[in-house]
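Work through the two exercises below. Each has a task and a stepwise solution.

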Amino acid sequence: EGLSEKIEVITSNFNRDHQAGMRMSGGRGGGRRVQGPSHGRGGRNYHGAGHHGGHGHGRHHGGHHGGHRGGHHGGDGRNRRDGGRRGNRGAAGGAAPAGPPQEPVKPLEKSGKGWKRPSHAAASSEEMVELRLRKLQGMLNKLTIDNYGKLVGDIVELAVVDVDVLRGVIQRLFDKSVMEPRFCSVYAQLALDLSKPKVEFPNEENPKKPLTFLPLLLNRCQQEFMNQPDPAETPGWEEMSEEDREEVEYTIRHRGLGNMRFIGELYKVDLILHDIPHMCVKRLLHTKEGEMPAEESLEVLSKLLSTCGKKLEGQGKDPKAKAFMDLYFGEIEKLAKNMEISSRIRYMLDDLIDMRENHWVARMKSEGPKTIDEVHRDAKRKELAKERETRDLLRKSAPDHGTRRGKASPRPGGDKGGGWETSGGGRNRKKGGKGRNRNRGGQSGGQSGGQGGGQGGQSGGWVE
């Protein structure tokens, strides 16, 4: 009976404290937190509850028993025996603190200059020309030897529909040729295909002479050759830094060399007559009395003759063409020996002379456009050459231990024995000494034998 009374007292006290805690917190396990006693780890004291709580979300009897256990045992007050719902973690008042009031965000305004995807339908003829040129520029950027057959038909179809489009294509084709001289042969072949349709457009300046592709292209090449700009005449030349001036000079020189190579490639595909290359050579070599050609002109001349010199000479079949080339190279040989010209240009002229003597085969093959298979083949060849070079270096740097792969090291004095054979002829080994004292020079007696017998070994070697 005494035990039953104690249980009832404890139960009534527990229920009373629980109800008081619920009234103070306004809900399950939502009591206001204050600093708990020091003997409970993380413990909290819920006012009105009379117990030291943890986080205040116990699950026994509506969330109070977990707080009771957290106060006495220092845990987090979680008791999952009765499967009660998880209560509040003891936040003040049961709600998160409110932050500063936020100002309303002004919506973004659309700009009238924003980029828009270009539509395929052009509103005017100018937009139609721009769309066609943009598409042609993309095709030129993708043009290679491998996909040439797939793209050339589309390029020709788009280029010959309008005179403005044709002018734009010629300008883009010329710029690609002079800035990418390695692909001049591909662009010359494209020019040949563009000239085949024979489409004519009206000429406002001269109605009797219609506009076609080839004259427009040749006029552009002629303008670039005749009007070679001077770097010093570039706007703002005086204010430019040294690096900017070098870049301007490199661009002008690069365009001049590319133009000469493009002209040579056009001559090789029979788009221009031989008179044009001869005119270029004469202009580059011709100077006033007592003056030398400029080094830039000699470099351009070397590029032109190395590109189309073989065809320009007529391969020995045209005596007149050969006579012209003999005249040109007579002047080139004099310039190659002139010490007032820089060594780079003189060596370039020497290479050109050697190239002609070698039936127009260059000492070093110039790089041109390659197919994918050729690129892979060259990469494989370079890799094998690098591996071979590495093996040779390792073989040379390996130490010599006297024997390699079972081969004996050479004897002093040569292969025939040299100073080791001093008596006898080595013909009668059985009658000679057995050569037991090899460390003390008996090896020679054992090998040579002869009339001396065992004493021959002592007389021939290094005897102590």
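**Exercise 1: a pocket and its lining**

The second largest pocket has a volume of about 650 Å³. This is a predicted model, where local features need pLDDT of at least 70, side-chain atom pairs count only at pLDDT 80 or more, and totals for chains, interfaces and linings use all residues. Residues are numbered from 1 along each chain as its sequence is written, and side-chain values use heavy atoms, without hydrogens and water.

Task: Which helices each supply at least two residues of the lining of the second largest pocket?

Step 1. Look at the centre. Of the 27 lining residues, Gln228, Ala294, Glu296, Ser297 and Val300 are closest to it.

Step 2. List the helices. They are H7 (213–226), H8 (242–268), H9 (275–285), H10 (295–312) and H12 (343–357).

Step 3. Find the main supplier. H8 gives the largest share, eight residues.

Step 4. Sort by class. The lining holds 12 nonpolar, six polar and nine charged residues.

**Exercise 2: two helices**

Task: At what angle do H10 and H12 pack?

Step 1. Take the geometry. The angle is about 20°, and the axes lie 10 Å apart. H10 is therefore roughly parallel to H12 (angles under 35 degrees count as such).

Step 2. H10 passes H12 in a left-handed crossing.

Step 3. Name the partners. Glu295, Leu298, Glu299, Ser302, Leu305 and Ser306 in H10 meet Arg344, Ile345, Met348, Leu349, Leu352 and Met355 in H12 (contact means heavy atoms within 4.5 Å).

Step 4. Count classes. This contact of H10 with H12 has seven nonpolar, two polar and three charged residues.

Conventions:
On a 1 Å grid over the protein atoms alone, a cavity is a set of points where a 1.4 Å probe fits but cannot get out, and a pocket is an open set with protein on both sides within 12 Å along at least five of seven lines; lining residues have an atom within 4 Å of a point. Grid points are joined across faces, edges and corners, and a volume is the space filled by probe spheres set on the points. Helices (H or I, at least four residues) and strands (E, at least two) are DSSP runs, numbered from the N terminus. Ala, Val, Leu, Ile, Met, Phe, Trp, Tyr, Cys and Pro count as nonpolar, Asp, Glu, Lys and Arg as charged, and the others, Gly among them, as polar. Axes are lines fitted to C-alpha atoms, for helices over the stretch in contact, and angles run from 0 to 180 degrees between N-to-C directions. Angles under 35 degrees count as roughly parallel, over 145 as roughly antiparallel, 65 to 115 as roughly perpendicular and the rest as oblique. A crossing is left-handed if the near helix is turned anticlockwise from the far one by less than a right angle, and right-handed if clockwise.
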